[in-house]
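Subject: Handing over the two-chain structure

Hi,

Here is the structure I promised to pass on.

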Amino acid sequence: MNAQLPAIEIENLHYSYGHAEAVHNLNLRVKPGRCYGLFGRNGAGKTTTMKCLLNLLRPQRGQVRVFGLDPTKHEVAVKRRLAYVPDQVAFYPWMTIRETLDYLASFREHWNPTIEQELLDRFRLDSAKQTSALSKGQRTQVALIAAVCPEPELLVLDEPTSGLDPIVRRKFIETVIGAYQESSPGNRTIFVSTHLITEFEGLIDEFTIMDAGQAVLSLSADEARDRYRKIRARFAESIPELDLSAALHVRRVGRELELVANGGGPALIEALKSHQPESLTTESLTLEEIFVATLKA
Amino acid sequence: MILQINYKSGKPVYLQVVDQIKAAAASGALQPGEALPFIRPLAEELRVNRNTIAKAYSELENLGVIETVPGKGCFLKENHSPLRKDVRRKMLIEEIDQAIVQAHHLLISRDEFLNLVHQRMDALETKRRANGGAGEE
């Protein structure tokens, strides 16, 4: 097996529903062992992109590779090595949790019963309970157990925590960090789409922000937080005349000035300092703030 | 030892972990021979990627701050830097130069700056004593 091969590679992907273009010329590459976030508003094209990886949709143009394989030609080989948690989880309503997990395990070559028990306990799920009696949060938890137990190389999560309460969301993310990455963490890749960015902040290594089907920003999380800065300055008299064209956003309130910079932070700070402000502070934007700033620009 | 990640600091997350453990070692909050948290529970608690913690620990190991005992975990080492004295001095000089540039821009005089250095070293010393450490030799 080639360790250098990307877990996911998307090149010039296009997909339209009739005349409505859902994904337009999307490119991205996910290295093995990384956690990659796909951020976008509702309808940005995230789910369509994920469905192309799983051969639930066929790319109309461009190509998609998972572990170097084309999912339309090697669907079984691809699906053997990944697990998918959709935003709407559906099970056979007449089955219990136990029956559901056994049924899903029957499709898998490998299933880790220790992790299964650990997670059933952690989520306090009664495996004799019918899936029709489960809350949305519990259904997502069962889906997560079913995704983690085969210990797949790739975990594809589509808006996994939307509509869940904060406690369930927390446990979900802890499980992805803990149980999923437990064995061979360097070989456990996560591809997650979400608009609840704050919760995934610490998990995300790299991300792409999508808007109207297109990638508008792709960066590593650390680099993004280094580049995007909020700078606040207050002046004794009034805000001096300054060239602020390097700033992404400028806000003036009385004697106070607030800038959002993308990469030009240090130069702007120097320019502000030369006018001797009363106070000058700077902080990085969080990924969610970067998301908002990028889509507002 | 409680670690805290601040995403607004602009510092890479793994480096925040490295710096906080170095600070805990300097203040005596973490004593030589004491075990560091295991990677998985720490990653879960901070809700950061395991690889981030693993990277921080391997950086600390490279710096000679901690050692890994296979099957047992990571432990704080006695304070012996593996680096040569002149290399260590050079690393510190870079940091001091930055602080001096900051001091210039913040209109902090030379005497004020040197006073502050003494104050901060005393503060660390006090913390070490409170943590039961022997203080600086």
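Among contacts in chain B between residues at least 6 apart in sequence, what percentage join residues at least 24 apart? It comes to 54%. Before you go further, please keep in mind that this is a predicted model.

Let me stay with chain B for a moment. It has five helices and two strands, and from the N terminus on these follow each other as α-α-α-β-β-α-α. Its C-alpha trace spans about 50 × 35 × 30 Å along the principal axes. Chain B has 137 residues, and 19% of them count as buried.

**The three-stranded sheet**

This one is an open sheet of chain A with the strand order 2-1-4 and antiparallel pairing. Strand 2 (20-30) and strand 4 (61-66) of chain A each have a single partner strand, so they stand at the edges, and one side of each is left without a neighbour in the sheet. On average, neighbouring strands here are turned by 25 degrees against each other, direction ignored.

If you want to follow the pairing by eye, start with strand 1 (residues 8-17) of chain A, which is joined to strand 2 of chain A by seven bridges in the antiparallel sense. One pair to look for is Y17(A) with its bridge partner A20(A) in strand 2 of chain A. Helix 1 (residues 46-53) of chain A packs on this sheet and touches strand 1, strand 2 and strand 4 of chain A. The direction of helix 1 of chain A makes about 120 degrees with that of strand 1 of chain A.

**The six-stranded sheet**

The other sheet of chain A is open too, with six strands in the order 5-6-7-3-8-9 and mixed pairing. At its edges are strand 5 and strand 9 (214-220) of chain A, each pairing on one side only. From one strand to the next, the twist averages 15 degrees.

Helix 1 of chain A turns up again here: it packs on this sheet, touching strand 3 (35-40), strand 6, strand 7 and strand 8 (206-211) of chain A. With the direction of strand 6 of chain A, the direction of helix 1 of chain A makes about 150 degrees.

How many of its five residues are buried? Five of the five are, so to speak, under cover: the strand is mostly covered. L154(A), V156(A) and D158(A) point one way from strand 6 of chain A, while L155(A) and L157(A) point the other way. In a regular strand, side chains alternate between the two faces of the sheet.

Strand 6 of chain A has parallel partners in strand 5 and strand 7 of chain A. With strand 5 (residues 82-85) of chain A there are four bridges; L82(A) has L154(A) as its bridge partner, and V85(A) has L157(A). With strand 7 (residues 189-194) of chain A there are five bridges, and V156(A) stands opposite F191(A).

**Where the chains meet**

The contact between the chains takes 21 residues from chain A and 18 residues from chain B. Which elements give two or more residues to the side of chain B that touches chain A? They are helix 2 and helix 3 (50-62) of chain B. Helix 2 of chain B gives the most, with four residues. Sorted by class, the side of chain B that touches chain A has eight nonpolar, five polar and five charged residues.

One helix pair spans the two chains. The axes of helix 6 (residues 166-180) of chain A and helix 2 (residues 39-46) of chain B come within 9 Å and cross at roughly 160 degrees. That makes the two helices roughly antiparallel. The crossing of helix 6 of chain A with helix 2 of chain B is right-handed. From helix 6 of chain A, the contact is made by E174(A), I177(A) and G178(A), and from helix 2 of chain B by R40(B), A43(B) and E44(B). Those residues divide into two nonpolar, one polar and three charged.

It's all yours now. Happy browsing!

Methods
Residues numbered from 1 in each chain as written. Chains lettered and ligands numbered in written order. Predicted model: local features only at pLDDT ≥ 70, side-chain atom pairs only at ≥ 80, totals over all residues. Pairing = 2+ DSSP bridges. Axes fitted to C-alpha atoms, helices over the stretch in contact; angles between N-to-C directions. Contact = placed C-beta atoms within 7 Å. Parallel < 35°, antiparallel > 145°, perpendicular 65-115°, else oblique. Left-handed = near helix turned anticlockwise from the far one by under 90°. Nonpolar A, V, L, I, M, F, W, Y, C, P; charged D, E, K, R; others polar. Buried ≥ 20, exposed ≤ 12 C-beta atoms within 10 Å, placed from the backbone.
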